[in-house]
Amino acid sequence: MSDRPRLHWLPQRPNDWRARLKALSERQCSAESWAEAVSLAGYDLDFTATNALAAVVSRAFPPETPSFLNSRPERLAVLSSSTTSHLLPGLVVGALRRGIHLIVEENDYALYREALVEDGGRIAEFRPTSILFALDTRHLTRGVADCRTRADTETLVERTLADLRALWARARDRFAAKILQQTPIPCLPSLMGSNEHRNPASAAALVARINTRLREIADEDGIDLVALDYRVAQDGLSAWYDVAFWLKAKQEIALPAAPMYGDLVARILAARQGRSAKCLVLDLDNTLWGGVVGDDGPLGVTLGEGSALGEAFRSVQTYVRDLRRRGVVLAVCSKNDEKIARSVFSENPDMILKESDISCFVANWTDKATNLREIARHLNIGVDSLVFLDDNPFERGLVRRELPMVFVPELPSAPEGYVAALADSGCFEATNLTEEDLARVDYYRADLMSLDMPIESTDMEGHLYDLQM
């Protein structure tokens with residue numbers, strides 16, 4: 001089996017992590033201990049560390065909502081057809097990472113239907129606010145061996161999806177809960193190879209067909225999907241599935257993948273609460289282009305076609321521009337001379353991003369934590385709505401220390417990995433794309449244009465905000 005799916009956008013666990021966890025286990029329930037728990041969750045934790053943190057959190061913080069929390073608690077019921085107990089700690093820690101107090105319950109083994117109808121059962125007493133249907137691939141494809149024609153296969157697909165819809169409706173009617181549906185993973189062997197779709201009795205081909213139709217009916221019914229098939233395609237099946245785990249314990253999701261699974265689910269819960277980030281704040285030198293503009297000049301930085309490094313930075317800008325088009329506000333926070341920093345935007349023909357894409361442009365020699373506070377203030381958004389992208393480990397560490405509520409993705413040394421770090425983190429997770437999302441960047445620009453003149457900071461020398469878009 002390959003390495004676990006890593007939470008590579010998070011920093012590595014520090015040497016004192018275990019000591020801090022032990023200290024947390026001895027503290028009373030308080031706002032300070034909760035903040036420490038959230039901090040401990042903010043690392044690339046493996047299965048063992050995730051379970052240890054979840055156990056401490058479950059003991060330290062009661063199921064009743066602590067009064068000091070500023071987020072809405074969630075009570076998540078996992079309704080499954082196979083073993084999912086090993087996934088529950090990852091769900092708790094994934095939610096904790098986003099400041100959400102999550103209590104989780106699951107049905108008795110494979111009795112998910114009964115859990116929806118019984119009056120005095122575990123799920124009924126639990127009173128879930130959200131329900132996750134985690135039905136395994138073999139369970140969803142049962143009966144495919146009897147299909148002889150494509151029409152038979154299509155009938156089976158529709159029958160399976162109709163059954164899911166009935167489960168969703170029952171869960172909503174019974175518990176008034178929000179519904180999440182896990183997509184089946186492509187873990188079944190092929191019988192024909194590349195043209196597997198032509199075999200009506202192929203379970204592997206049926207999975208692909210179910211996932212296609214599942215996305216259509218989920219949109220119609222307002223169901224949020226946990227897209228495991230997409231993640232498996234990215235990480236590789238062996239990172240998520242081990243047939244030995246299935247045969248021994250009916251665990252479809254392998255143990256090492258549990259932390260990633262929990263993070264995927266938790267980011268949807270957070271998005272529903274409006275806890276996704278709204279603004280991406282960008283460093284410039286060696287983040288949006290290669291080199292230092294103050295040394296190399298606007299045309300001397302590495303960017304664009306002609307070199308692998310230049311194309312890597314161009315791909316970063318392309319992704320950032322696409323984020324803006326879907327409603328993410330962009331800002332700049334750079335240790336630079338402002339005029340020189342702006343010159344790349346206006347003079348370098350390989351720039352994908354334009355000055356008009358940036359809602360707040362800060363280039364000075366003030367520390368970046370202070371500048372980030374000012375950016376949030378001038379955009380009139382919470383500091384916890386910011387994501388800060390910077391190639392420099394020192395600057396990332398400083399912001400994490402001074403502003404722990406700002407999400408700072410860990411970046412690899414090579415810029416070709418920047419996009420994956422930002423995209424995989426789920427910091428801009430959304431369950432729907434609305435007109436409000438698409439209009440957000442125009443709103444901030446219009447709001448800033450209403451000011452008569454740029455605002456110059458009174459407490460920082462040489463600090464100038466471009467608010468005239």
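## Close-up views of a predicted model

**View 1. P186 and the residues around it.** Leaving out residues up to four places away in sequence, P186 touches V207, D229, V232 and L237. You'll find P186 in the loop between β4 and α9 (203-221). Keep in mind that this is a predicted model, here and in every other view. P186 is partly exposed, with a relative accessible area of 42%. For a sense of scale, P186 and E395 are 209 residues apart in sequence, and their C-alpha atoms are 41 Å apart in space.

**View 2. Q182, a polar side chain in strand β4.** Q182 sits in β4, which covers residues 178-182. Is Q182 buried or exposed? Its relative accessible area is 3%, so Q182 counts as buried. The side chain of Q182 has a polar partner: a contact of 2.6 Å joins it to the side chain of Y261. Not counting residues up to four places away in sequence, Q182 also has L132, F133, A134, L135, L214, V226, L228 and E252 among the residues it touches.

**View 3. The largest nonpolar core.** This core has 89 residues, and those with the most contacts inside it are L53, L91, I131, F133, W240, Y261 and V265. Which helix gives the most to this core? That's α13, with 9 residues. Apart from this core lies another one, of 32 residues, with A277, L282, L323 and L330 among them. As a general background note, nonpolar side chains in soluble globular proteins tend to be buried together.

**View 4. The neighbours of W240.** Set aside the residues within four places in sequence, and W240 is in contact with P5, L228, R231, V232, D235, E252, I253, A254, A257, M260, Y261 and L264. Y261 turns up again here: besides its contact with W240, Y261 makes the 2.6 Å side-chain contact with Q182.

**View 5. Helix α3 and what covers it.** Helix α3 runs over residues 47-60, which makes 14 residues, and reaches 20 Å from its first C-alpha to its last, close to the 20 Å expected. Which residues of α3 are buried? They are A49, T50, A52, L53, A54, V56, V57 and A60. An α-helix has 3.6 residues a turn, so residues three or four places apart point the same way. The cover over the buried residues of α3 includes α1 (17-25), α2 (31-41), α4 (88-96) and α13 (258-272). L53 links this view to the core view, as one of the residues with the most contacts in the largest nonpolar core.

**View 6. A parallel, open sheet of 4 strands.** The strand order is β8-β7-β6-β9, and the pairing is parallel. Why is one side of β8 and of β9 left without a neighbour in the sheet? β8 (360-364) and β9 (386-389) stand at the edges and each has a single partner strand, so there is no neighbour on one side. On average, neighbouring strands are turned by 20 degrees against each other, direction ignored. Strand β6 (residues 279-282) and β9 are joined by 4 bridges, and L280 has V387 as its bridge partner in β9.

**View 7. Edge strand β8 on its own.** β8 may stand at an edge of the sheet, but 5 of its 5 residues are buried, so β8 is largely enclosed by the rest of the structure. C360, V362 and N364 point one way, while F361 and A363 point the other way. In a regular strand, side chains alternate between the two faces of the sheet. β8 runs parallel to β7 and is joined to it by 5 bridges; the partner of C333 in β8 is V362.

**View 8. Two loop residues with a positive phi.** Most residues other than glycine have a negative phi. R127 has a positive phi of about 60 degrees, and lies in the loop between α6 (122-126) and β3 (130-134). R127 is exposed, with a relative accessible area of 56%. For N286, phi is near 65 degrees. N286 belongs to the loop between β6 and α14 (293-296), and is partly exposed at 28% relative accessible area.

Note on methods
Residues are numbered from 1 along each chain as its sequence is written. This is a predicted model: local features need pLDDT of at least 70, side-chain atom pairs count only at pLDDT 80 or more; totals for chains, interfaces and linings use all residues. Side-chain values use heavy atoms; hydrogens and water are left out. The expected span of a helix is 1.5 Å times one less than its number of residues. Buried means under 20% relative accessible area, exposed over 50%, partly exposed in between (1.4 Å probe, protein chains only). Contact means heavy atoms within 4.5 Å. A nonpolar core is a set of buried Ala, Val, Leu, Ile, Met, Phe, Trp, Tyr and Cys residues joined through side-chain atoms within 4.5 Å. Two strands pair if DSSP finds at least two bridges between them. Axes are lines fitted to C-alpha atoms, for helices over the stretch in contact, and angles run from 0 to 180 degrees between N-to-C directions. A polar contact is a pair of N or O atoms within 3.5 Å; within protein, one must be able to donate a hydrogen and the other to accept it, and residues adjacent in sequence count only if both atoms are side-chain atoms.
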